Amino acid sequence: MNIKSNKLKLDETQYEVARLDKEQLNNLIFDSEDEDLNDFIFNESLGYCKKSLAVVYLVYPGSTVLGYFSLSADSVKINEKLDINLKYYPSLKIGRLAVDKKFKGCGIGTWIIDWIIGYILKIRSGHGIRYLSVDAYNNDNIVKFYEKNKFVIYHKKKNKNKINIPMYLDINYMDNNN
């Protein structure tokens with residue numbers, strides 16, 4: 001299946017995306033160089049899945065895990081006015097996104113975001129999903145990564161001293177520009 005997304009047409013055979021399970025976790029070799037992201041995948045991810053708090057996916061070609069991400073339901077309060085004025089709009093949240101240190105700078109993170117956008121475009125006819133959201137670490141490189149992938153910061157002035165920066169991407173914008 002080809003997924004059309006914000007930058008490219010992705011051939012899903014390039015990398016495989018699969019839901020995390022206990023067997024995969026037991027055999028997982030992964031280091032993102034971020035203690036929080038490593039702790040989540042090894043110690044918390046299965047609990048999040050079991051409690052229906054998130055679904056965790058691994059990205060790999062063959063047996064090498066390149067990265068992982070988690071998705072959960074969300075709603076966002078946005079900056080601009082839309083044709084339908086709601087207090088909150090339905091979204092899908094990226095809870096965690098990590099790339100193994102051996103593959104950083106290879107475009108895996110952007111590929112993951114493109115895959116998620118393609119996934120939303122595929123499933124949203126059966127679900128109300130207008131936005132993709134993330135609470136990005138308050139780190140210049142991470143915020144720039146999401147901005148490069150068309151995410152917008154929610155209330156820049158209010159986020160200066162926060163640990164995480166709420167950001168969102170309008171999926172309608174992505175759908176209309178492809």
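A nonpolar core is a set of buried Ala, Val, Leu, Ile, Met, Phe, Trp, Tyr and Cys residues joined through side-chain atoms within 4.5 Å. Buried means under 20% relative accessible area, exposed means over 50%, and partly exposed lies in between (1.4 Å probe, protein chains only). The model is predicted: local features need pLDDT of at least 70, side-chain atom pairs count only at pLDDT 80 or more, and totals for chains, interfaces and linings use all residues. Residues are numbered from 1 along each chain as its sequence is written, and side-chain values use heavy atoms, with hydrogens and water left out.

**View A. The largest nonpolar core.** This core has 30 residues, and those with the most contacts inside it are F69, I94, I116, L132, Y146, F151 and M167. Two or more residues each come from strand 4 (55–60), strand 5 (67–76), strand 6, helix 3, strand 7, helix 4 and strand 9. Helices (H or I, at least four residues) and strands (E, at least two) are DSSP runs, numbered from the N terminus. Helix 3 gives the largest share of the core, 8 residues. A second, separate core of 15 residues includes A18, L20, F40 and Y60.

**View B. The surroundings of I94.** Contact means heavy atoms within 4.5 Å. When neighbours within four places in sequence are left aside, the residues in contact with I94 are S70, L71, I113, I116, L132, S133, V134, D135, Y146 and F151.

**View C. S45 in helix 2.** S45 is placed in helix 2. Its relative accessible area is 0%, so S45 counts as buried. Apart from neighbours within four places in sequence, S45 has contacts with L20, L25, F40 and V56.

**View D. The salt bridge of D31 and K101.** A salt bridge is a side-chain nitrogen of Lys or Arg within 4 Å of a carboxyl oxygen of Asp or Glu. The whole structure holds 6 salt bridges. In one of them, the side chains of D31 and K101 meet at 3.2 Å, N to O. The two residues are 70 residues apart: D31 lies in the loop between helix 1 (22–26) and helix 2 (35–50), and K101 in the loop between strand 6 (89–99) and helix 3 (108–123). D31 is partly exposed at 26% relative accessible area, and K101 is partly exposed at 40%.

**View E. The salt bridge of R96 and D36.** The side chains of R96 and D36 form a salt bridge with an N to O distance of 3.9 Å. Because R96 lies in strand 6 and D36 in helix 2, the pair ties together parts that are 60 residues apart in sequence. R96 is buried, with a relative accessible area of 18%, whereas D36 is partly exposed at 35%.

**View F. The salt bridge of D170 and R130.** Here the side chains of D170 and R130 meet in a salt bridge of 2.8 Å, N to O. D170 belongs to strand 9 (residues 164–170) and R130 to the loop between helix 3 and strand 7 (131–137), so that the pair links distant parts of the chain, 40 residues apart. D170 is buried at 16% relative accessibility, and R130 is buried at 18%. Elsewhere, salt bridges that share partners join D74, K93 and D135 into one network.

View G. N139 caps the N-terminal end of helix 4 (residues 140–148), with a side-chain oxygen 2.8 Å from the backbone nitrogen of N141. Just after helix 4, K150 takes a positive phi of about 75°.

Note on methods. A polar contact is a pair of N or O atoms within 3.5 Å; within protein, one must be able to donate a hydrogen and the other to accept it, and residues adjacent in sequence count only if both atoms are side-chain atoms.
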